[in-house]
Amino acid sequence: MDVKDTIAAIATPLGEGGISIVRVSGSRAVEIAQKISSLELQTIMPRSMTLGYVVSRGKKIDQVLWVIMPGPKSYTGEDVVEIHCHGGSMVTELVLEAIINQGARLAEPGEFSKRAFLNGKIDLAQAESIIDVIRARTDTSLRVAFRALEGELSNIITKNREQLLNILATIEASIDYPVDVEEPDQNKLQKQLQAMINDLEVLINSYQKGKSLKDGYLIAIVGRPNVGKSSLLNQLAKEEKAIVTDVPGTTRDVVEVEINIGGVAVVIADTAGLRKTEDPVESLGVDKTKAYLQKAELCLWVLDSSEPLTEEDRNIAALLKGKKVLVLLNKQDKPAKVFAEDIYKLGLESMVLPLSLTSGTGLNLFLVELEKQIGFSAKETAEEVIITRVRHKQALEKTKDALLQALDNIALVPVDLLAVDLRQAYLALGEITGHTVKEDIIERIFEEFCLGK
Ligand SMILES: Nc1nc2c(ncn2[C@@H]2O[C@H](COP(=O)(O)OP(=O)(O)O)[C@@H](O)[C@H]2O)c(=O)[nH]1
Ligand SMILES: [Mg+2]
């Protein structure tokens, strides 16, 4: 990419609004903007707003606020001009068009942030956290993303990279100048590497939480037809999201609802009842249910406790083996025919709770247990450093493997061979911050961004 060309884009969402902002970045940003400005842009105060006009082909297009942010103290590190226009799509498009006509190029999605990365304003982990900030679904996920943007994750990575670099430098010096420089002390090195591995393990283990925070924690409601699955979804959503009838097989597609449980965005999926069916539509629904059952982090298995267990229930139990499951014996307002022991006999070790969705019995206990099963407190999580990307997890695991290898080898191999493992760990860590990462991965990361960011 030629970093020298000047790019422009609308930085605000399209449509009507109070204001919209056209952003221009590059070495010619001020020069190009000058051609459509009523002001003498070189003379206005940098980083403050000045009222003026956008003028194109001798006509005033809009009255706007002009902001000049000379590089390197700008978002991209280049000269940036922002034009704050009236918020209408026609106004904004005309202003952008005028800027393009004067020689700027339309920016690609994420190109401003990519330039910020290439110019060293932010590292790759911070760039990724910008997306997480924009897409945050709860106050907790926002807090985690914002702290990553502030560099808390990057700091841990950088600290460990620097330590590795120091060790590598000592090893190399001891090879080059064996008389003057001693090899690193084995005991001390062992302790250092172990401490690093511990640091990285905390981050690796935070991924599951991070993923739930970012994408939402997926819960699937499963069970035979007519047991109260849709009633449960509606109860949790506090509105009629799914149709409830006494006709078995009503829910044929998956109905997803997102709710906030203790600061965690939870996606609850009501599914088609699991049974053998000749109906092709219902049968597709059943296949989809099975897919959800696999990918859900928690399954809520709803049963009608007033009816004895059936063959279908046994099949469901088999599907649920090994999954995290909460079993709900619903319809407790009727005489019970199924009890917790019957569920245990099916080989499930899940918690079994009695419930009546029509009378509300057992509902509070269920909600408390549900929060517990989700397994983390949003409040505590907001104060931890958490990784939210599989890319980070993989790089951390690669680092950890290389460090473990080094640890195993310390007493066995000469230091120059040890250095090979350590260098590998060093490179893998750098993938997170983008110091040692391939161009195509960088491209892919910034493609995720929206236009104008
Ligand atoms: N008696 C009783 N009926 C219930 C209870 N929960 C749901 N139902 C009824 O069971 C029928 C099936 O409910 P629905 O939520 O559509 O079940 P689904 O097929 O599993 O989604 C409806 O007529 C509900 O009103 C309950 O706790 N007690
Ligand atoms: Mg249903």
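This is a predicted model: local features need pLDDT of at least 70, side-chain atom pairs count only at pLDDT 80 or more; totals for chains, interfaces and linings use all residues.
**Ligand site**

Ligand 1 has 18 residues around it, and N226, K229, S231, D333 and L357 come nearest among these. Helix 9 (residues 229-237) gives the largest share of this shell, with three residues. The largest pocket is the space that ligand 1 takes up.

| Residue | Atom of the residue | Distance to an oxygen atom of ligand 1 |
|---|---|---|
| S230 | polar backbone atom | 2.9 Å |
| N330 | polar side-chain atom | 3.1 Å |
| T245 | backbone N or O atom | 3.4 Å |

On its own, ligand 1 has 580 Å² of accessible area, and the protein covers 86% of that.

**Helix 4**

Helix 4 comprises residues 124-135. Its end C-alpha atoms are 17 Å apart, which agrees with the 16 Å that its 12 residues should span at 1.5 Å a residue. The expected span is 1.5 Å times one less than the number of residues.

Most of helix 4 is covered, since nine of its 12 residues are buried. The buried residues are L124, A125, Q126, A127, E128, S129, I130, I131 and D132. In an α-helix, residues three or four places apart point the same way, because there are 3.6 residues a turn. At the start of helix 4, D123 places a side-chain oxygen within 3.0 Å of the backbone nitrogen of A125.

**Backbone features in loops**

Most peptide bonds are trans, and most residues other than glycine have a negative phi.

The peptide bond between G71 and P72 is cis, with omega at about 5°. P72 is in the loop that runs between strand 4 (59-69) and strand 5 (80-86).

R57 is a residue other than glycine with a positive phi, near 50°. The loop that holds R57 is between strand 3 (50-56) and strand 4. Is R57 buried or exposed? R57 counts as exposed because its relative accessibility is 72%, and the cut-off for exposed is over 50%.

K331 also has a positive phi, near 65°, and is not a glycine. K331 belongs to the loop between strand 11 (325-330) and helix 12 (340-345). In the ligand site, N330 has a polar side-chain atom 3.1 Å from an oxygen atom of ligand 1, and strand 11 covers residues 325-330.

Technical notes:
Residues are numbered from 1 along each chain as its sequence is written. Chains are lettered from A and ligands numbered from 1 in the order in which they are written. Side-chain values use heavy atoms; hydrogens and water are left out. Helices (H or I, at least four residues) and strands (E, at least two) are DSSP runs, numbered from the N terminus. Buried means under 20% relative accessible area, exposed over 50%, partly exposed in between (1.4 Å probe, protein chains only). A polar contact is a pair of N or O atoms within 3.5 Å; within protein, one must be able to donate a hydrogen and the other to accept it, and residues adjacent in sequence count only if both atoms are side-chain atoms. A residue is near a molecule or strand if one of its heavy atoms lies within 4 Å of it. Accessible areas come from the Shrake-Rupley method with a 1.4 Å probe; for residues, only the protein chains shown count as cover. On a 1 Å grid over the protein atoms alone, a cavity is a set of points where a 1.4 Å probe fits but cannot get out, and a pocket is an open set with protein on both sides within 12 Å along at least five of seven lines; lining residues have an atom within 4 Å of a point. A molecule sits in a cavity or pocket if more than half of its atoms lie within 2 Å of its grid points.
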